[in-house]
Amino acid sequence: MIGDATLGECLRRWASRHAHRTALVDEDTRISFAQLDRRVDRLAAGLHALGLRRGDRAMVQLPNSIGFVTVCFALLRLGAIPVLAMPTQRAHDIDALCRLAEPVAYFVPDEVGGFDYRPLAAEMARAHPSLRAVVIDGGAGPHVPGAHELATLDGDPQEWAEPSPGDTALLLLSGGTTGVPKLIPRTHADYAYNFTASADLCGLDESTVYLAVLPVAHNFTLACPGVLGTLAQGGTVVLSRTASCDEAMPLIERERVTHLALVPPLAQLWVQAREWEDSDLSSLRLVQVGGSRLAPLLARRLPQALGCRLQQVFGMAEGLLCYTRLDDPEDAIIHTQGRPLSPQDEVRIVDEHDQDVPPGEVGQLLTRGPYTIRGYYRAPEHNAGSFTRDGYYRTGDLVRRDPAGNLIVEGRIKEQIQRGGEKISAAEVEFALGHLPGVRAAAVVGVPDALLGERICAFVQPQDTPINMGGLREALRERGLSTFKLPDQAEVLTHWPLTPVGKIDKHRLIAIAQERRTSGATAPSQAPAPAIARYAERRMAVATAPLALAARLARNLSSQHYTLYEHGSEWSIGLDSVLDVTIDADGTVRRSNGAAWKALPPCAGVAQALAGIPFEGWRAYGRADFELAHLIHGLGGTSGTRPLLKLSIPRSEIRLRSGEALIRALDPADLAAMETLVAAQDASSGPEIGQPVEIARDSGTEHAYKQRVAAAVGEMQAHAYQKVILSRTAEAPAALDMVSSYLVGRRFNTPARSFLLRDGDFEAYGFSPETVVEIDASGRVSTQPLAGTRALSGDTAKDERLRRELLADAKEIAEHAVSVKLTLQEMAEVCAPDSLRVSEFMDVYRRGSVQHLASRVAGQLAPGRDAWRAFEKLFPAVTASGIPKREALDSIRRHEPGPRGLYSGCVMLVDSNGAMDAALVLRSAFRSGDRCWLQAGAGLVPSSTPDREWTETCEKLESVSRHLRLRTPAPPQ
Ligand code: OOB
């Protein structure tokens with residue numbers, strides 16, 4: 001039996017046992033167990049009055065503070081489930097978490113470290129109708145209408161129906177740093193075991209003073225044994241807002257801290273800091289280090305530098321915890337990551353066929369046990385791959401076991417570098433680098449590479465003495481590292497990019513490696529002097545959220561030519577063009593420096609034109625009009641002078657992420673000016689938002705559109721084709737302000753991609769519900785057909801009914817399935833056959849004012865196929881044209897009054913390493929000269945009715961039309 005109490009009940013027991021002892025210290029505030037218990041009771045009543053109930057989820061994004069602890073326990077007492085987000089997470093992550101967990105409440109601080117959480121909360125509240133309450137720990141301010149201040153939530157203590165120990169108590173974030181977030185459901189009983197058994201193992205008692213320096217939302221800090229384990233023993237928890245030694249070390253002295261937990265990058269800083277930091281740390285008994293690999297050299301130095309014992313912890317939010325024991329021999333503490341906490345933890349170390357490896361050999365760790373989950377929250381498809389049939393969790397960690405039963409973590413499966421057919425362990429190269437003179441720390445990643453599959457990139461943090469990067473490979477060779485394991489690229493970094501909990505963020509390192517050198521696999525020691533121009537780069541810290549900063553920049557750019565493209569967590573802006581590649585209406589491909597390709601299929605011509613671009617590390621920004629499809633499908637060109645596809649290599653670029661701007665320019669002289677521009681906009685306010693405007697309903701358009709629908713439906717009933725998307729336009733005022741309409745619209749939409757572009761007198765912005773194609777540098781292709789639509793009104797009950805209706809409507813399901821099938825057929829023509837799969841099937845995605853049935857089809861490019869071949873197959877998106885495509889294109893050409901232009905074409909990024917990302921242009925607004933318009937369509941099948949399809953176009957238009965803003969008139973002179 002693991003435990004019989006719920007976590008809310010646990011606190012009550014601790015409070016009765018240790019009533020007057022100090023439970024929490026937060027800056028100058030100290031509260032006892034009895035005070036904590038009372039506060040939690042009163043807050044639970046306040047939250048109940050707000051409508052929180054058992055089983056509801058509540059997003060908690062609070063710093064290390066008394067607020068965090070009281071909010072969590074109050075929720076737990078009600079049986080509501082805290083979803084623990086990290087304080088450093090921003091809109092992109094929180095948005096994804098809200099989509100997954102559908103919380104009813106969101107708890108944030110007012111401001112921490114210069115970041116104001118209230119606009120973020122407002123954005124989330126607008127985007128997620130499930131969020132009924134926003135609670136602010138601090139001043140509510142004007143940002144979130146109806147927000148509550150935590151301090152005001154209060155009520156008389158009551159008894160609530162207890163959840164059972166086997167119920168989900170809380171949802172932890174999984175350790176992965178990118179991709180779709182996963183949530184880990186931990187039950188009251190398993191979590192109680194987790195921290196009580198850990199507290200026993202670590203010898204905590206009433207005299208323990210635990211300093212929480214890592215975020216308390218992380219399992220390590222919260223329960224290994226952490227905050228909860230300390231409270232369970234009647235010890236005191238000191239909550240530190242920062243992990244910086246300047247503040248944490250004096251706090252250790254002031255509070256006589258005995259225990260704390262660090263991740264290795266932080267441990268390294270702390271050890272270094274002891275060279276000059278002289279707080280009295282003599283109270284420290286045990287420092288735990290875990291979360292990522294601890295280099296043995298650092299493990300050996302730490303106990304001397306901090307004057308305490310070291311414990312290595314290898315754990316995961318999913319469950320399994322391994323600890324070195326306090327009385328282990330020094331060698332085990334320095335060289336191993338310990339052994340499982342519970343005698344009931346089952347551990348297997350297996351090869352790629354799930355067969356146990358011989359003792360002492362390296363294999364993947366599988367685990368099952370009393371506090372390890374059997375599945376992620378709401379992720380059936382992911383679970384099928386992450387757990388074995390008999391319930392073992394596939395950790396993805398590569399480990400071996402020593403004769404004493406201790407595990408040694410050798411890396412992660414995903415961190416194994418697959419270079420030209422060889423498998424290389426990043427940890428092995430890191431280990432070798434760590435022993436070179438002048439190297440303080442090293443991190444090694446595999447970077448997608450056109451020639452090698454992956455190349456080895458070594459990042460090195462130098463010591464104070466200069467390091468000979470040119471001689472790095474030679475030095476490693478001398479240390480006995482095999483030639484194929486020598487780094488192909490080596491970069492110096494003075495600071496590691498870190499994940500929210502402080503581990504080295506290897507995904508960011510891969511991105512940095514790509515940004516610094518995108519092509520080739522030249523060894524650093526043999527790198528030729530660049531014969532071609534490359535972008536000069538500068539990184540700067542920024543405080544403004546990327547969307548707002550991007551909009552301010554767009555408003556203040558003097559350039560007539562720019563493209564802003566949002567994908568993932570990056571807003572990428574290309575400015576001016578030094579070179580264009582275009583496809584003319586007659587199919588001729590041209591490069592603006594004079595070269596032209598006439599005989600090739602157009603997309604193959606583009607691939608050729610791009611191959612000869614005389615710059616390194618370029619990113620092209622571009623667009624393709626819908627009518628490019630006529631060329632691809634042999635329907636003849638379209639008349640007109642505007643190119644059907646245009647890609648521009650920008651003169652300069654700004655790539656924005658939360659907290660950081662990367663500036664790139666071909667002419668280094670541009671860097672300083674751009675830096676000044678970014679800094680000025682970062683410090684400014686705005687941009688100014690114009691007046692809202694509604695667009696008039698035009699009965700002429702309605703009548704004509706319904707007639708066109710009836711005609712096309714007639715053709716389909718006569719079996720001419722199966723499906724077609726017919727669209728219509730809606731005129732908008734010429735005084736439309738593209739930048740503020742984009743900014744406001746983006747805040748209300750949850751698109752897959754968004755963009756804002758200006759090309760002379762043509763302008764457009766949009767919130768793409770799906771991509772036409774996504775291809776990464778390693779040739780992974782994926783696309784995301786969305787077909788089947790219902791409205792989203794903001795009324796939770798109604799939207800849920802429409803969602804269920806969508807999932808049960810035979811017409812919508814059939815329409816969706818046919819689109820997925822066609823996409824599979826198209827992908828089969830360019831992907832390796834055994835790589836193709838439908839990785840998501842019939843999820844419901846919320847996009848602005850509508851919800852869609854969505855699937856994702858993914859595969860690996862077959863040898864000899866490139867991104868442009870895939871683009872040619874998948875363009876235009878089936879969900880914006882029809883089935884079969886050629887007949888649908890013909891139908892569109894006959895029924896719609898004029899060419900579509902950019903509508904239902906794409907806006908795209910293409911990188912020199914072969915990556916491509918193309919966003920389908922729907923939910924957009926356009927301007928050409930003085931005319932502004934919106935456009936929307938509906939998917940017709942033989943059973944469609946003109947009335948319903950008209951309504952669908954109205955619903956889709958609303959994603960954009962609701963948020964239109966007019967230009968503010970210039971003030972009178
Ligand atoms: C802890 O939890 P998560 O969920 O953030 O990350 C788990 C992953 C593990 O699968 C492993 O890949 C890595 O982090 N990891 C280590 C490690 N401890 C965790 N890799 C090498 N050496 C170690 N000591 O990180 C976590 C949860 C509870 C306690 C401690 C760490």
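The second largest cavity in this predicted model has a volume of about 120 Å³. Its lining is made up of 14 residues, and Cys72, Phe73, Leu76, Leu222 and Leu228 are those nearest the centre. By class, the lining of this second largest cavity is 14 nonpolar, with no polar and no charged residues. Helix 3 (66–78) contributes to the lining along with helix 1 (7–18), helix 6 (188–201) and helix 8 (226–232), each giving at least two residues; the largest share, 5 residues, belongs to helix 3.

The largest cavity, with a volume of about 230 Å³, has 26 lining residues, among which Thr879, Leu922, Arg923, Gly937 and Lys956 come closest to its centre. At least two lining residues come from each of strand 38 (723–732), strand 43 (786–791), strand 50 (931–940) and helix 27 (946–961), and strand 50 gives the most, with 6 residues.

Turning to the domains, the assignment places domain 1 at 8–19 + 31–187, domain 2 at 420–515 and domain 3 at 699–750 + 771–961. The centres of domain 2 and domain 3, taken over C-alpha atoms, lie 42 Å apart.

Lysine 485 sits in the loop between helix 15 (472–478) and strand 27 (489–492), and lysine 485 counts as buried because its relative accessibility is 14%, under the 20% cut-off. Beyond its sequence neighbours up to four places away, lysine 485 touches Ile424, Glu428, Val429 and Ile456. With glutamate 428, the lysine 485 side chain forms a side-chain polar contact of 3.0 Å.

Terms used
Residues numbered from 1 in each chain as written. Predicted model: local features only at pLDDT ≥ 70, side-chain atom pairs only at ≥ 80, totals over all residues. Heavy atoms only, no water. Domains from an automatic or database assignment. Helix = DSSP H or I, 4+ residues; strand = E, 2+ residues; numbered from the N terminus. Buried < 20%, exposed > 50% of the residue type's maximum accessible area, 1.4 Å probe, protein only. Contact = heavy atoms within 4.5 Å. Polar contact = N/O pair within 3.5 Å; in protein donor to acceptor, adjacent residues only side chain to side chain. 1 Å grid on protein atoms, 1.4 Å probe; cavity = no way out; pocket = protein on both sides within 12 Å on 5 of 7 lines; lining within 4 Å. Points joined across faces, edges and corners; volume = space filled by probe spheres on them. Nonpolar A, V, L, I, M, F, W, Y, C, P; charged D, E, K, R; others polar.
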